[in-house]
Structure formats: structure tokens, C-alpha cells
Amino acid sequence: MSTRTLPLLFLNLGGEMLYILDQRLRAQSIPGEKARKDEWTDVDRKRVMNDIISAMFKKNFMEELFKPQDLYSKKALRTVYDRLAHTSIMRLNQASMDKLYDLMTMAFKYQVLLCPRPRDILLVTYNHLDAIKDFISDSPGILNQVDETFRQLIETYNCLSDGEFQLIRQTLLIFFQDMHIRVSIFLKDKVQNSNGRFVLPISGPVPWGTEVPGLIRIFNHKGVEVKRAEFTTAGNYVAPQREGSFELYGDRVLKLGTNMYSVTRPVETHMSGSSKNLASQAKENIAPNPLAKEELNFLARLLGGLDVQKPAGGETGFRLNLFTTDEEEEHAAQTRPEELSYKVINIEATQEPGRRAELSRILGELEVAEPRPGSAEKGEDLLALMDGL
């Protein structure tokens, strides 16, 4: 496994999370002069986006993220996104957070599968960062944070070999291999089967630096071409016009990683039968985990870099419901396989009581953003996510 995969995984999943939140916030915002105090406005949307992006690209958080390290469990990463989402004035119930995470992971999985070559995963990441910069274009301080991460990505990854990017791609595919959640956007576009597996195209542009298939060249022992033969391919392939830019600014050419929610359409997630079976077979062993110490350190470092604030008094912030109704959210929480919920992270650290206490201390210090007066009633159905995202 590659020890350089974590920053790419985190930034791309974070980008997908921001796409979803921005789409729903825009859909439900009311012009400021017409909005009541319990209604969501564009000012509130910008505040949410700024808060999350600022926390996501905080300097010390990025420094920990970019340290070479293996990927850890899905539950550990999910916890980081849970904390990240709650650095804003939003509040997500368990089922809604699960749904948001499902959408994030399946979108990025599809992008990794479609990358023409392993190095293009970096272009996908740059597309996400370009879009994030557009979200906070009027906030110079936060924009500088994103640009600094951009430069760190260029410095770290532009020099890697094709073999190293292939290892990164394999590491990502291993991470996603048991996740087969159906998403209506993909189902409607016929790029996902009813079992949650993706349908890969056999036509389109070939990877940059390669030729369109259909020609066989035969060379002699001196390396001189002596014969050519053509054959018919099953797909309709074309040569790419140019290579995407790997610099801070430029045309990425590749469209993977851009905002697929910019055109409003419903997206719903469904756990496929095969995924439920896999979840049942994948129950975590109650025996002590030999990697507990490493995973505990990982969480402590990442969560320790997230500055969040406690709500004042009894205020709870804006509740985000990623379902059409509260009843749907409750039903999803009750029917979701226990192994795929993230209410508790079971880290066996019986031999490390000091480290366990340290993690508890860090988690206890993480605070959530303070909502403004009157905000507790606002956004009760804020992310009726996609009337089925």
C-alpha cells in the first residue's frame, strides 16, 4: 500500500462533501430581505462553507495529513468528516451523516475507476480544489489556506513516478472494494447496476501518451518496423486533445472531480443486497486489534488539528436532514446494518490506557460552532438530500 494516499483520499472526499452541502444550501436559501429568522439565507450558506473549508485546510491539520502514513479504517476517516461537518453551524443526525458519507465515497470511487491513467487522480484532486476555491473566492484568508495546500500537493505529487501513482490507485481501490451503494444519479445515467457495481465505458479518449488501439506493428531484431496490421476494436476510441495542467492554475482538461450537483437532480442512496451480506460477514472481531495503537495515534493527530467550538447554552445549531422527511431519516437509522453505522469507534487499546485517555481528552475538547440567536429553529429540513440524492 502507498503511504502517500491519505491526502488525496481526504481532499477528494471533502470536495464531494462540499459539493453536496452547497447544492442543498443554495436550493433552500431565501433572499436575505425576505427571510424570517428561522429561514436559511445565502449569508448562512457562505458562513457554513467558510467554516468547513477553513477547518478542512487548517495548517496544522494539513501538516499531519501529509505525513507519510497508511490508510486506516473507514470508521476512523468517517469520524474525521463527522467532526469536520460539525465545525459549522450545521447539525447532522446519524442517518443523515451516513447518507452524506455514502454519496461522497461512491462519487470518488467512480472517479478513481474512470481515471484514464493513475496520474490523473491528481487532476481529479485539482478539480476539487479549483471548485473549493470558487466557494470561498470572496474570503482571501481562507483562499490562501487552500492555495497553500495546493502548492503542497504540487510539491509532493508532481514529482512521483507513474509506478507510484499506480500504487496509490491500487490503495484507493482496495479501500473502496467492498462499497457497493446504489446512487440514483448513477442508476439513471446507467453507469451503475442494480447491485451497486459500476459500468465502465469501452469508448472515449485514450490516456494521454497512448495511441488509439487498432494497429499492430511488427519489428525485426534490429528494431525496424517491417509490417503493419489493423484490427477492429469493440469501442470507439479517440486521441486526447491535450494533457491537463498539473500547475496551480490551468485547464485540467479532465472533467472527473467537477461538481456533478451543479445541475439539480435527485440523488438517493440504497444499500445493495450484496453490500448488506458483505457487511454481515465483516463484523469486527472483538479480540484486541494489533493496529490499535497506530489507529489511536492517527485519530489523535487528525482530530487534534480540528478546532471546533461548543454551542452556547442549550442551542443546537441548524439541523440538516439528508432525507425528504424525518420519518425517512428515522427509518434509515433503524434499518441500516449495524456494521455500517459509525456511532462508536471500537479501538481495542487495553494495553495503552494512557493513549486511550488522551484520545478521550481530545474528543472532549472538540467543540462545535456557536449558532447565532434564533438559529436553532432554522433549517429543520435543510438537506432533504436530493429529494433523494
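Author: A crossing is called left-handed if the near helix is turned anticlockwise from the far one by less than a right angle, and right-handed if clockwise. In this predicted model, local features need pLDDT of at least 70 and side-chain atom pairs count only at pLDDT 80 or more, whereas totals for chains, interfaces and linings use all residues. Residues are numbered from 1 along each chain as its sequence is written, and side-chain values use heavy atoms, with hydrogens and water left out.

Helices (H or I, at least four residues) are DSSP runs numbered from the N terminus. The crossing of α5 and α8 is left-handed. The axes of α5 (residues 94-114) and α8 (residues 162-176) come within 10 Å and cross at roughly 140°; axes are lines fitted to C-alpha atoms over the stretch in contact, with angles running from 0 to 180 degrees between N-to-C directions. The two helices α5 and α8 are therefore oblique to each other, a class left over once angles under 35 degrees count as roughly parallel, over 145 as roughly antiparallel and 65 to 115 as roughly perpendicular.

Contact means heavy atoms within 4.5 Å. On the α5 side, Tyr101, Thr105, Phe108, Lys109, Val112 and Leu113 meet Arg169, Leu172, Leu173, Phe175 and Phe176 of α8. These residues divide into eight nonpolar, one polar and two charged; Ala, Val, Leu, Ile, Met, Phe, Trp, Tyr, Cys and Pro count as nonpolar, Asp, Glu, Lys and Arg as charged, and the others, Gly among them, as polar.

The C-alpha atoms of Leu173 and Leu113 are separated by 7.9 Å, although the two are 60 residues apart along the chain. Leu173 is partly exposed, with a relative accessible area of 23%; buried means under 20%, exposed over 50% and partly exposed in between (1.4 Å probe, protein chains only).

Helix α5 also packs against α1, at an angle of about 120° with the axes 9 Å apart. That makes α1 oblique to α5, and their crossing is right-handed. The α1 residues in this contact include Leu9, Leu13 and Met17, and those of α5 include Met104 and Phe108.

The largest nonpolar core has 77 residues, a core being a set of buried Ala, Val, Leu, Ile, Met, Phe, Trp, Tyr and Cys residues joined through side-chain atoms within 4.5 Å. Helix α1 (residues 6-28) gives the most to this core, with 12 residues.
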